[in-house]
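The entries follow in the order in which I looked things up.

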Amino acid sequence: MEMEATTLLPLLGLLLLLHLFHLLKLASAPASSSSRPRLPPGPWQLPLIGSLHHLLLSRHGNLAHRTLRDLSRRHGPLMLLRLGSVPTLVVSSAEAAREVLKTHDAAFASRHLTPTLAVFSVGGRDVLFSPYGELWRHLRRLCALELLSARRVRSFRRVREDEAARLLRSVAGDAAAGGGDVDVGERMCRAVNDAVTRAAVGGRCARRDEFLRELQNAVALTGGFNLADLYPASRVARWLSQALRDAERCNRAVREIMAEIIREQEKLSAGDGGRDDGEDEDDNLLAVLLRLQRDGGDAQCPLTTEIISTVVLEIFAAGSETSSTTLEWALSELTRNPRVMQKAQSEVREAFNGKHKLTEADTEKLRYLPLVIKETLRLHVPVPFLLPRECREPCRVMGYDIPIGTKVLVNAWAIARDERYWGEDAEEFVPERFEEGSEVDFRGADFEFIPFGAGRRMCPGMALGLVNMELALAGLLYHFDWEEVPEGKKKKKQQQQQQQQQLDGGDSGAGVGEAFGITVRRKDRLVLRATQRIPCGY
């Protein structure tokens, strides 16, 4: 969570007099008790900064999802805070989430667009952050019918198999060259990114490493806790916010990469006969969007090149970041839980006995590995607050009045670890809780488990994200045994990673192995010792 503490204090002094003047005006104005709304409870607030001190002084450091869980245990599952100048409703129970995401879904169907998110989404001209209206409906329909349908996702099977094979070859090479120690977190990140990139634009990105670096910067910047996002109406806050300037620089960099990719795709589409590799031009998502643009599409919501670029960038970011983060947490949890690791490896090795090369069709016979992925999504919700919503019309939730314009954070991470729904072992990694007989699923109907959200604004790329994980994880468990790196070597690796993060301008984060952004990844990349057991025939 980027609080920009060094510039927050000067801003407090600058705005305090204005705030005190505002309070005096409010105190002198007559108020009718009968007309006062019944607001949700919340912790005590300070002038100007509101509830921010509860986060700044938290024992959890910058891990807001953990701090807000602690506060909700004291103040209730529906809690109203003021973060800077932004009224923020925090939802921390399945019952409250059901009311917000289902009962009153229409009232909360718009996104809360922070200044930082506005930079990356071009003011909400996209799928994820566009206001509830015609543009969102049009883009959502395109995703459902053209971009992320089951048929389209299946059509990328060969790409996923190819990238999984490259991942396994690279791990085998690293293990042989490095005495068994493998930076498997980095390898998985690159493999997932390449798979998503090829599905999105038809080829690997020539500037992949630069793109990955900027993507990681964007994730850290969009957590919602910089000066500009905390005081969105203040020109002074925007001027002082280094994070907003970093977001603008980061956005220019990724847009430049995207422009190169679009120019290359347009050349392919305009060339005689299109592609020369025997594949249809519609074998990637960018080609589909450019074709729809040429055909005219919806006259009321024309597909501009800017919108196309933003949509493809979001598929890049959402598809690669969440899948690689979940994969890394899955292998991390398996390594920490030998019983679960042994059970998962026994299944894949019995199912594929004698095979030296796995395909996606092979994974369809697995039953335990999907439970491992489900349990990983439960314990490590990729986007802990989902994506922020905004109250766009008056409504009452659990007997409380929610003001228009209130930012809404659904703490899906806290709900997924709540003992009321998951029992006394809620904090433990137990895939068996999802075995046959369990009716809990993550497709938006069971509000105690909503890693992809629910309702109108549920993640449209859920199917693509899931298939990018299973084959890669199955291959890693089938071909290799995994164990933690000895403590001395681990510390050396972590020091090297931290030095690299500092060189890249990153932040190593704080807390229990998590680094906070709009997604929550491991604080340090996962480095494990790999021993190859079954040869790779890829």
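**Salt bridges of Asp481**

I looked up Asp481 and found a salt bridge with Arg533, the closest N and O atoms being 2.5 Å apart (a salt bridge is a side-chain nitrogen of Lys or Arg within 4 Å of a carboxyl oxygen of Asp or Glu). This pair links distant parts of the chain, with Asp481 in strand 9 and Arg533 in the segment after strand 12, 52 residues apart; helices (H or I, at least four residues) and strands (E, at least two) are DSSP runs numbered from the N terminus. I note that this is a predicted model, in which local features need pLDDT of at least 70 and side-chain atom pairs count only at pLDDT 80 or more, while totals for chains, interfaces and linings use all residues. Residues are numbered from 1 along each chain as its sequence is written, and side-chain values use heavy atoms, with hydrogens and water left out.

Asp481 also forms a salt bridge with Arg349, where the closest N and O atoms are 2.9 Å apart. Arg349 lies in helix 16 (residues 338-351) and Asp481 in strand 9, so this pair ties together parts that are 132 residues apart in sequence. I looked up exposure as well: Arg533 counts as exposed at 52% relative accessibility, whereas Arg349 is partly exposed at 23% (buried means under 20% relative accessible area, exposed over 50%, partly exposed in between, with a 1.4 Å probe and protein chains only).

**The sheet around strand 9**

I traced an open sheet of 3 strands in the order 4-12-9, with antiparallel pairing (two strands pair if DSSP finds at least two bridges between them). Strand 4 (181-182) and strand 9 (480-484) stand at the edges with a single partner strand each, so one side of each is left without a neighbour in the sheet. Strand 9 is joined to strand 12 (residues 528-532) by 5 bridges, and Phe480 stands opposite Gln532 in strand 12.

**Cysteines**

Which cysteine sulfur is closest to that of Cys143? I found that of Cys459, at 9.4 Å, which is too far for a bond, and a search of the whole structure finds 0 disulfides (a disulfide is a pair of cysteine sulfur atoms within 2.5 Å). Cys143 is buried, with a relative accessible area of 4%, while Cys459 counts as partly exposed at 31%. Cys459 is found in the loop between helix 19 (419-422) and helix 20 (462-479).
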